[in-house]
Amino acid sequence: MGFSLVNLTDDAVSRIHEIVADRDGALGLRLGIKKGGCAGMEYTVDLVTEPDPKDDHVEVDGAHLWVAPEAMLFLLGTEVGFEKTPLRTGFTFRNPNESSACGCGESVELEAADLKELAEARKSA
């Protein structure tokens with residue numbers, strides 16, 4: 001098994017399969033970050049119909065997730081899950097680079113992982 005920038009839980013893999021099955025031309029999802037919210041950053045999840053060759057690609061049991069290059073250092077080691085509760089349905093992110101989150105849970109403060117750590121993780125895979 002090679003290097004994986006992020007990990008997907010079984011629930012996330014199932015949800016990606018459901019999303020792709022319901023949309024013509026969809027190949028998977030793209031995970032990124034953007035500035036916003038009261039804590040400074042927000043996770044983004046977008047449908048992929050044409051992968052960007054600059055993105056990092058993660059594939060688990062046929063579920064495809066691409067990670068935007070500008071987000072890689074902020075997402076290194078993140079576990080992507082999916083939950084369905086009476087109050088919330090959506091993807092979840094257990095990110096070791098998250099230093100704080102806002103009270104409503106919509107935005108986070110992220111610190112970039114060490115570039116050397118990313119290079120070493122890729123090399124050892």
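User: Quick one to start. Is Arg 15 buried, exposed or partly exposed?

Analyst: Arg 15 is partly exposed, because its relative accessible area is 25%. Buried means under 20% relative accessible area, exposed means over 50%, and partly exposed is in between (1.4 Å probe, protein chains only). These areas come from the Shrake-Rupley method with a 1.4 Å probe, and for residues only the protein chains shown count as cover.

User: What should I know about the model before going on?

Analyst: The model is predicted: local features need pLDDT of at least 70, side-chain atom pairs count only at pLDDT 80 or more, and totals for chains, interfaces and linings use all residues. Residues are numbered from 1 along each chain as its sequence is written, and side-chain values use heavy atoms, with hydrogens and water left out.

User: Back to Arg 15. Where does it lie?

Analyst: Arg 15 sits in helix α1, residues 10–21. Helices (H or I, at least four residues) and strands (E, at least two) are DSSP runs, numbered from the N terminus.

User: How far apart are Arg 15 and Ala 63?

Analyst: In sequence, 48 residues separate Arg 15 and Ala 63. In space they are 8.8 Å apart, C-alpha to C-alpha.

User: How many helices and strands does the protein chain have?

Analyst: Three helices and nine strands. From the N terminus on, the order is β-α-β-β-β-β-α-β-β-β-β-α.

User: And what share of the residues is buried?

Analyst: Of the 125 residues in the protein chain, 37% are buried.

User: New topic. How many salt bridges are there?

Analyst: Five. A salt bridge is a side-chain nitrogen of Lys or Arg within 4 Å of a carboxyl oxygen of Asp or Glu. One of them joins Arg 30 and Asp 55, with the closest N and O atoms 2.6 Å apart. That pair links distant parts of the chain: Arg 30 is in strand β2 (residues 28–36), Asp 55 is in the loop between β3 and β4, and they are 25 residues apart.

User: Are those two buried or exposed, or partly exposed?

Analyst: Arg 30 counts as partly exposed, because its relative accessibility is 25%. Asp 55 counts as buried, at 10%.

User: Which residue does Arg 94 form a salt bridge with?

Analyst: Glu 79, with the closest N and O atoms 3.2 Å apart. Arg 94 lies in strand β7 and Glu 79 in strand β6 (residues 79–84), so the bridge ties together parts that are 15 residues apart in sequence. Arg 94 counts as exposed at 60% relative accessibility. Glu 79 counts as partly exposed at 29%.

User: Which residue does Lys 34 meet in a salt bridge?

Analyst: Lys 34 meets Glu 42, at 3.7 Å from N to O. Lys 34 is partly exposed, with a relative accessible area of 43%.

User: Now rings. How many aromatic pairs are there?

Analyst: Two. Rings of Phe, Tyr and Trp (its six-membered ring) pair if their centres lie within 6.5 Å; planes under 30 degrees apart count as stacked, over 60 as edge-to-face and the rest as tilted. Tyr 43 and Phe 93 have ring centres 4.2 Å apart and planes at 20 degrees, so this pair is stacked. Tyr 43 lies in strand β3 (residues 40–48) and Phe 93 in strand β7 (residues 89–94), so the pair ties together parts that are 50 residues apart in sequence. Tyr 43 and Phe 93 are both buried.

User: What about Phe 82 and Phe 91?

Analyst: Phe 82 and Phe 91 pair edge-to-face, at 5.4 Å centre to centre with 70 degrees between the planes. Phe 82 counts as buried because its relative accessibility is 18%. Phe 91 also counts as buried, at 13%.

User: Last topic, Asp 61. What is its phi?

Analyst: Asp 61 has a positive phi of about 50 degrees, although it is not a glycine. Most residues other than glycine have a negative phi. Asp 61 is in the loop between β4 (56–60) and β5 (63–67). Asp 61 is exposed, with a relative accessible area of 62%.

User: What about Gly 62? Where is it found?

Analyst: Gly 62 is also in the loop between β4 and β5. Gly 62 is partly exposed, with a relative accessible area of 36%. Gly 62 and Ile 16 are 46 residues apart in sequence and 9.3 Å apart in space, C-alpha to C-alpha.
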